[in-house]
Amino acid sequence: MSGPDPTAPPLPPGVIDRLVLDLGRRVPAHGMGGHLRRRLGQSLEFRDYQPYAAGQDIRRVDWRASLRTGRRDHWVARRYEAEARLRLMVVVDARPAMRLPVAAPKLLFALWVARLAAAVAGGGQDAVTLAGLFGPGPPVAAEGRRAAAVAASFARDLWAVPGDLASPPPPPDDRALIAAMEPASTVLLISDLLFEDSGGRVREIARAAQRAHRQLIVLELDSFAAEAAGLPGIRLFDPVEGRGFGPGARTVAVQDLAAARAAIDTHRAGLRADWGRGGLFWPPPVVWPEVPVLADLFARSVPHLPALRAATARGSR
Amino acid sequence: MLALAVGVLGAGGWFLWHLLRRPEAPRVLSFARFLPDLARAERPRARLTLRPPLRSAAFWLRMAAAVLLLAALGAGLDRPRTGGPAVGLRLVVDVSASMGVADGAGTRLDTALAVARDMLAQARAAGGPVCARVVAVAAGAGPPLGEDDLAQLAPRAEGAGPSVLVAAAVAPVAGDCPLTHAAVLTDHRRPPVLPDGPVPVIWRQVGVPVANAGIVAAAEGTGSLSGGGAVLAVEVATWPPGAAPSLTLTGPGGARDLPLVPLPDRPGHWAARVPHPGAGRYALTLAPGGALAADDRMALDLSTAAAPAVDWRLPQPMPRGLAAASGPGALLVAAIDSAEARAALDPATARPVIAVWPGWDGGGRPRQIGAFVEAPDLTGALNLDVFEAEAPLPLPHPLPPGFSAVLTDRAGQVFLARRGVPPGLLLPAPAPGAPGQAGALSLVLFYQGLAALAGQGVRPLTPDWRLADGTPVPGAGLEGDTARPLDDPDPVDLSPRAAVARAPVWPLLVVLALACLLAERALALWSGVRRAV
């Protein structure tokens, strides 16, 4: 490969190092990691005291506190917060239509977010799974420092396969995605949500992502304003995902765009209602301006991305 | 050629039409499936259409504010502002020395002020608002005064020419009195042509003609090569032309009358030309001086108008009109091979110099003239045909730095060369005894060069007219002609007119720019509130 990697997040050096995962407090975790959870465990973070019981680690006894109880047979043991390792699964909508608008492709934005999240998670010794929705190839997983490299390879492969824009996308491999979801703590779905889910496979994926205390975060990408800018008038159209308008130029009225906007809003509201099972977090969408500069849009969006926060600002979302 | 041009234009037009009619590339929309069925276009869309680049009202408001502010910084931004009928009268009053000349019971200035008051009364009699600004003009125009200041005006010991009066009358409008009329009250005659101003100018000449005599100019001249000494020249005039007055020179040598002779080409003008009295402070007095006293006396600061200083190193005798001198300031006349001449030709020790070589010793010889420079002061009296027949030997050395050839032969050898600063000449030495016409040629060429560098000159003296008490009167020479006939006065029409004023536009532009910025801010606030809701 020659030239710069387009899927590399356009961020100044050091920004990634100042970010950490922020996946909320209710998602499940496993193993030892860098996140403090509201479970008891082994860490240096003191939580509270409990009466010592036979069989517990004698090193946990706080002898000073035990003496202050005034009872020689009543020892007090310290309890600590557990440090847990999280797993983040990033699912990127890889439909060819995600490569629109041509000047600021949504897919590129999604890949930047995926690589950023993977790098941040890997830096925090967390695990990452990356998968393409409607996309080629099985999910890939990595932990720790390898996560960034695996995510870069995943993004480059995804970006290198343009796909057929005119035809409807193939149905997603919901079984593979759900199977890869098992060890995951949080599923981050990045999509414009303009796909047709007639078979309900995406719905199954979304619901599976909320089972077993998992959490689904939907990062919605809305490029309607950028694509509709300057559209009213007489235009020629190429078919997209099977939708065409026939040969010859067509007249696009402002009312047509308003109807499309309303239909999209209805569609997304339907998905939200259909997917919601208690573990759904759906923040406001990332909106493309009429004249988007994708790198600027990404840089402005980073502080507001779900699942990420600045390392100095601790606290739950 | 015409057919080719038509063909090119036609092809270009067809290509442009093709571009305009050609539909643009098809669009692809990720939300295509959410669009309703679209109607087929009845005509193809033009490829190029005029459309604002941005539809943001805030952007255009900011652009408008920027353009307005830039326009406010521009030049020529004033606009005519006309009000209702009124009289805005600018009275330009000549208060120069000649306005103090007696005129009837008073002075010419009194007459002018009476005319001014008549004009104001006439303006008020016509009804409507009246405002007046008085501009007193002598050597220069003063600040605008109110009509109440008319009584305070008095003649000044200064001279005023018509040009200053005209400039004051046609000056741009300023101040709070919109201009509708302008009048000039003076003892000068109306100029044949007046420049265009904001309003037409009424020229009113005052003062009955009275006789006067005055000193016009003075100059001092250095001596000449022919032996003439330095001179003092004075010119006086009488208006109207009459008998010669008496001119007296008073100075270090006492007082003496200077004889005046009439100038034949200038009636009424007289000239005195006397030997230079020597350096010092002198005074010229004219009697009788006539109606105006300001031009009857002139102070003179005379310098030492000695003969040109020359450091003569030639065997021939020095001409009588020159003064022997030495030192770096004196003109060195010497053989080119002498040490003094070599030093004078060296750029490091240069001084005024005429360096000669024995070019005509043994007579002249035929030699064709090559390139030469038109230099009338050096070769004007030279007959080049004779010169070609009796040419001297050329410069035996290379041309020194700073010199450029004036006269050369066909081979480029130099006969005559000149340096600008300090002045210098290279030419053949005079050889009066040379055979044939070579002797005369040598004298003509040499003495013409000598006259060019050390010739007689006349230096006009800066006129310094004085009153009897010693008060200087600058520009008194402009005042001497008090015998000008009175022209018919311009018709005076002081009826009210629409005032002509100029109002600056930039405040309006700034206000508009601020309004644009305010609207942009209000729009942003409203948009923010709407988004928040």
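## Loops, helix packing and a cavity in a predicted model

B:Pro422 sits in the loop that joins strand E22 (414-419) and strand E23 (424-428) of chain B. The structure is a predicted model. The peptide bond leading from B:Val421 into B:Pro422 is cis, and its omega is near -15°. Chain B also has a cis peptide bond from B:Ala287 to B:Pro288, where omega is near -5°. B:Pro288 belongs to the loop between strand E14 (280-287) and strand E15 (297-302) of chain B.

A loop of chain A has a backbone feature of another kind. A:Leu193 is not a glycine, yet its phi is positive, at about 60°. This residue is found in the loop between E8 and H5 of chain A. Both of these elements return below, in the account of the largest cavity.

**Helix packing in chain A**

Two packed helices are described by the angle between their axes and the distance between the axes. The table gives these values for two pairs that involve helix H2 (residues 106-123) of chain A.

| Helix pair | Axes come within | Crossing angle |
|---|---|---|
| H2(A) and H3(A) | 8 Å | roughly 165° |
| H2(A) and H8(A) | 11 Å | roughly 40° |

How are H2(A) and H3(A) oriented relative to each other? Helix H3 covers residues 146-160 of chain A, and its axis crosses that of H2(A) at roughly 165°. That angle makes H2(A) roughly antiparallel to H3(A). The crossing of H2(A) past H3(A) is right-handed. On the H2(A) side, the residues in contact are A:Leu107, A:Leu108, A:Leu111, A:Arg115, A:Ala118, A:Ala119 and A:Gly122. Their partners in H3(A) include A:Ala147, A:Ala148, A:Ala151, A:Arg156 and A:Trp159. By class, the residues of this contact between H2(A) and H3(A) are 12 nonpolar, one polar and two charged.

Helix H8 spans residues 294-301 of chain A, and the axes of H2(A) and H8(A) cross at roughly 40°. H2(A) and H8(A) are therefore oblique to each other. H2(A) passes H8(A) in a right-handed crossing. A:Leu108, A:Phe109, A:Trp112, A:Val113 and A:Leu116 from H2(A) meet A:Leu294, A:Ala295, A:Leu297, A:Phe298 and A:Ser301 from H8(A). This contact of H2(A) with H8(A) has nine nonpolar residues, one polar residue and no charged residues. A:Leu108 takes part in the contact with H3(A) and in the contact with H8(A).

**Cavities**

Rolling a probe the size of a water molecule over the atoms shows where empty space is left. How many cavities of 30 Å³ or more does a search of the whole structure find? The search finds four. The largest cavity has a volume of about 50 Å³.

Which residues line the largest cavity? They are A:Val91, A:Leu133, A:Val187, A:Leu189, A:Val202, A:Ile205, A:Ala206, A:Ala209 and A:Leu216. Strand E8 (186-191) and helix H5 (201-208) of chain A each contribute at least two residues to the lining of the largest cavity. H5(A) gives the largest share of that lining, three residues. The lining of the largest cavity consists of nine nonpolar residues, with no polar and no charged ones.

How values were computed: Residues numbered from 1 in each chain as written. Chains lettered and ligands numbered in written order. Predicted model: local features only at pLDDT ≥ 70, side-chain atom pairs only at ≥ 80, totals over all residues. Heavy atoms only, no water. Axes fitted to C-alpha atoms, helices over the stretch in contact; angles between N-to-C directions. Helix = DSSP H or I, 4+ residues; strand = E, 2+ residues; numbered from the N terminus. Parallel < 35°, antiparallel > 145°, perpendicular 65-115°, else oblique. Left-handed = near helix turned anticlockwise from the far one by under 90°. Contact = heavy atoms within 4.5 Å. Nonpolar A, V, L, I, M, F, W, Y, C, P; charged D, E, K, R; others polar. 1 Å grid on protein atoms, 1.4 Å probe; cavity = no way out; pocket = protein on both sides within 12 Å on 5 of 7 lines; lining within 4 Å. Points joined across faces, edges and corners; volume = space filled by probe spheres on them.
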